[in-house]
Amino acid sequence: MKSDFRRLRPQAGHKGRDGRQFFRLFVWLLAVVFLCAPITGAAEDAKPPKPLTKYKGRKIAPTMTYHGADWLIRNTREQEEHCNTLIEALKIKPGQAVCDMGCGNGFYTLRMARLVGKDGRVLAIDVQPEMLHLLDLRAKAEQIENIEPIQGTLIDPKLPEAEVDLILLVDVYHEFSHPEQMLQAMRRALKPHGRLALVEFRLEDPEVPIKLLHKMSKAQIMKELPPNGFKLVEEYEKLPWQHVMFFERDEEHEEP
Ligand SMILES: C[S@@+](CC[C@H](N)C(=O)[O-])C[C@H]1O[C@@H](n2cnc3c(N)ncnc32)[C@H](O)[C@@H]1O
């Protein structure tokens, strides 16, 4: 009996140790779950599929880095590209929500902001935070307050759904490493009858003094946008160097 009693005590002690170990294990598990949750979320967010080097027969251009940002605001840009004419062709109205996709240091963003006025907004998107910083400095210097800078990812521009009247892409689309994901996201962001204005240097014209990799032909653009749910609604061919092609959502298109 005595020995049974002795045996019971250590058993009880063992049970107590088990309880404490179980409690510690439980606390560890909780900590692991809480610490890993944001990492898991971020991993989902940050893991784009492999970047493409080619899309539908076209070689994708590398991203222009912020080191070259001064070129975007060079003195000769207006004379070479007729930027004011492009801005007029966009027919931006006060109060609209517009997006400058791949805004760089904001050459077009600031102009768009003045046109939509205090009741409108410009969603200025770029993957390079340095470009957004340069844009911010320029907007502050001009006391413009209706610009919302957004740092997008290579597959997600982080646009709100069905809220945008116009998405402008000047000299940007040919750099997308994930064109299909970007097109899908922009399509979802457009209001019904919202427009996407694609502006690219003309590949067909050898006189346009831009490297081939940074030009696009109309035929190539038509190979890429309609299969991704966009229909061509207007073309503007009065700029000296660039195509301007307006697209709307093709409502018959089924998302993959
Ligand atoms: C040649 S610059 C044009 C800047 C501006 N649109 C202009 O005309 O002054 C191209 C810009 O597109 C940005 N870009 C490239 N891929 C992008 C993506 N997937 N999403 C957003 N911006 C992107 C680059 O970081 C760069 O600032």
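Modeller: Helices are DSSP runs of H or I with at least four residues, strands are runs of E with at least two, and both are numbered from the N terminus. Just after α6, Q143 takes a positive phi of about 50 degrees. The model is predicted: local features need pLDDT of at least 70, side-chain atom pairs count only at pLDDT 80 or more, and totals for chains, interfaces and linings use all residues. Residues are numbered from 1 along each chain as its sequence is written.

Colleague: How many helices and strands does the chain have?

Modeller: Eight helices and ten strands.

Colleague: How do you know that the length of α6 agrees with its number of residues?

Modeller: The expected span is 1.5 Å times one less than the number of residues. Helix α6 has 13 residues, 129-141, so it should span 18 Å. Its end C-alpha atoms are 18 Å apart, which agrees.

Colleague: Which residues of α6 are buried?

Modeller: M131, L132, L134, L135 and A139. Buried means 20 or more other C-beta atoms within 10 Å of the residue's own, exposed means 12 or fewer, and partly exposed lies in between, with C-beta atoms placed from the backbone.

Colleague: What do the buried residues of α6 pack against?

Modeller: α2 (69-72), α5 (107-116), β4 (121-126) and β5 (147-151). A contact needs the two C-beta atoms, placed from the backbone, within 7 Å.

Colleague: Which residues of α7 are buried?

Modeller: In α7, residues 179-189, they are M182, L183, M186, R187 and A189. Their arc is only 160 degrees, which puts them on the same side of α7. They pack against β3, β6, β7, β9 (230-236) and β10 (242-249).

Colleague: What makes β6 mostly covered?

Modeller: Six of the seven residues of β6 (164-170) are buried.

Colleague: How do you know that β6 pairs with β3 and β7?

Modeller: Pairing takes at least two DSSP bridges. Three bridges join β3 (97-101) to β6, and the strands run parallel. Six bridges join β6 to β7 (190-202), again parallel. C99 stands opposite I167 in β6. L169 has L198 of β7 as its bridge partner.

Colleague: Why is K91 called exposed?

Modeller: K91 has 12 C-beta neighbours inside 10 Å, so it counts as exposed. K91 lies in the loop between α4 (83-89) and β3.

Colleague: What is the phi of K91?

Modeller: About 50 degrees, positive although K91 is not a glycine. Most residues other than glycine have a negative phi.

Colleague: Where does A162 lie, and why is it called exposed?

Modeller: A162 lies in the loop between β5 and β6. Its 12 C-beta neighbours inside 10 Å make it count as exposed. Its phi, near 55 degrees, is also positive.

Colleague: What surrounds the ligand?

Modeller: A shell of 23 residues, the closest being L72, G102, G104, F107 and V170. Membership needs a C-beta atom, placed from the backbone, within 6 Å. α5 and β4 each supply at least two of the shell's residues. The shell divides into 15 nonpolar, five polar and three charged residues.

Technical notes:
Nonpolar A, V, L, I, M, F, W, Y, C, P; charged D, E, K, R; others polar. Arc of directions from axis to C-beta.
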